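Visitor: I have a structure to go through with you. Could we start with the packing and then turn to the backbone?

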Amino acid sequence: MPEFVYVMTYFFLLLGPKKLVPAFAWLTRDAEPGYRRKAALYATLFATLLCAVIALLTNLWAAKYHLSLPSVQITAGLILIIWSLDTIFRPSQAADEEGETGSAVQLALSPLATPTIVTPAGVAAIMVTILFATAAPDSEEIYASVAIALAIVMTLNFLTMYFIEVITR
C-alpha cells in the first residue's frame with residue numbers, strides 16, 4: 001500500500017490534470033463541444049499509449065544502454081529542474097497559439113498528449129519507478145501500483161478535459 005500512495009502522488013503531480021485546466025481551456029476556447037470531447041479522448045488515448053510504451057520499454061532501454069537506477073535518478077532530477085525552470089521562466093506563448101487550429105487529432109497529439117500531459121518530468125518519473133520496481137523484492141506490487149496509478153491519472157485527465165466547461169465556470 002505505501003508503494004501505491006507514493007506512485008500515485010508522484011504520477012498525479014507530474015502527469016495529472018492540474019496542468020491541463022489552463023492549457024486545455026486556452027487551446028479549445030473557441031471550439032465546439034464535440035471538437036473538445038474528441039480532442040480529450042484522443043489526447044488521453046495518445047498519452048496513455050505513450051506512458052505504456054515507456055513503462056514497457058524502460059527495462060529494455062536500461063539493459064541495452066547499461067543504465068543504472070542511480071544514473072537514471074540523477075538524470076530525472078536534472079530533467080525535473082530544467083523542466084521546472086523552463087515552466088517558470090518561459091515567455092508567454094499565447095500570441096503564438098492565436099489562430100492555430102487543426103483537427104482534434106492534431107491538437108490531441110501535440111500539444112496535449114505531449115508535452116502537456118506526458119511531460120519530460122513525467123517520462124522520467126515512469127522510468128525511475130519502473131527501474132526501482134525491477135530492483136525491489138516486491139516488484140509485482142510496484143508494477144501493479146504503476147499500472148493502477150497510470151489508469152487513475154489518465155482517467156482524471158480525460159474527465160478534466162471532457163468537463164472543462166464546467167470546471168472553468
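This is a predicted model: local features need pLDDT of at least 70, side-chain atom pairs count only at pLDDT 80 or more; totals for chains, interfaces and linings use all residues.

Visitor: How many residues are in the largest nonpolar core, and which have the most contacts inside it?

Guide: The largest nonpolar core holds 44 residues. Those with the most contacts inside it are F11, L15, L112, I117, I126 and M161.

Visitor: Which elements give two or more residues to this core?

Guide: They are α1 (2-15), α2, α3 (33-64), α4 (69-89), α6 (104-117), α7 (120-135) and α8. Helix α7 gives the most, with 9 residues.

Visitor: And what is I126 in contact with, leaving aside its neighbours within four places in sequence?

Guide: I126 is then in contact with F11, L15, C51, I54, A55 and L150.

Visitor: Next, the helix pairs. At what angle do the axes of α7 and α8 cross?

Guide: They cross at roughly 155° and come within 8 Å. An angle over 145 degrees counts as roughly antiparallel, and α7 and α8 are therefore roughly antiparallel to each other. Their crossing is left-handed.

Visitor: Which residues meet there?

Guide: From α7, the residues are I126, T129, I130, F132, A133 and T134. From α8, they are S139, I142, Y143, V146 and L150. By class, the contact of α7 with α8 has 8 nonpolar, 3 polar and no charged residues.

Visitor: How do α2 and α8 pack?

Guide: Helix α2 (residues 20-27) packs on helix α8 (residues 139-162) at an angle of about 40°, and the axes are 10 Å apart. The two helices are therefore oblique to each other. The crossing of α2 with α8 is right-handed. In α2 the contact is made by L20, V21 and F24, and in α8 by N157, T160 and M161. These residues divide into 4 nonpolar, 2 polar and no charged.

Visitor: Changing topic to the backbone: what is the peptide bond from S110 to P111, cis or trans?

Guide: That bond is cis, with omega near 25°. P111 lies in helix α6. The bond joining T114 and P115 is also a cis peptide bond, with omega of about 5°, and P115 is placed in helix α6.

Visitor: What is phi of H66?

Guide: Phi of H66 is near 55°, which is a positive value in a residue other than glycine. H66 is found in the loop between α3 and α4.

Visitor: Is H66 buried or exposed?

Guide: H66 is exposed, with a relative accessible area of 72%; the cut-off for exposed is over 50%.

Conventions: Residues are numbered from 1 along each chain as its sequence is written. Side-chain values use heavy atoms; hydrogens and water are left out. Axes are lines fitted to C-alpha atoms, for helices over the stretch in contact, and angles run from 0 to 180 degrees between N-to-C directions. Helices (H or I, at least four residues) and strands (E, at least two) are DSSP runs, numbered from the N terminus. Angles under 35 degrees count as roughly parallel, over 145 as roughly antiparallel, 65 to 115 as roughly perpendicular and the rest as oblique. A crossing is left-handed if the near helix is turned anticlockwise from the far one by less than a right angle, and right-handed if clockwise. Contact means heavy atoms within 4.5 Å. Ala, Val, Leu, Ile, Met, Phe, Trp, Tyr, Cys and Pro count as nonpolar, Asp, Glu, Lys and Arg as charged, and the others, Gly among them, as polar. A nonpolar core is a set of buried Ala, Val, Leu, Ile, Met, Phe, Trp, Tyr and Cys residues joined through side-chain atoms within 4.5 Å. Buried means under 20% relative accessible area, exposed over 50%, partly exposed in between (1.4 Å probe, protein chains only).
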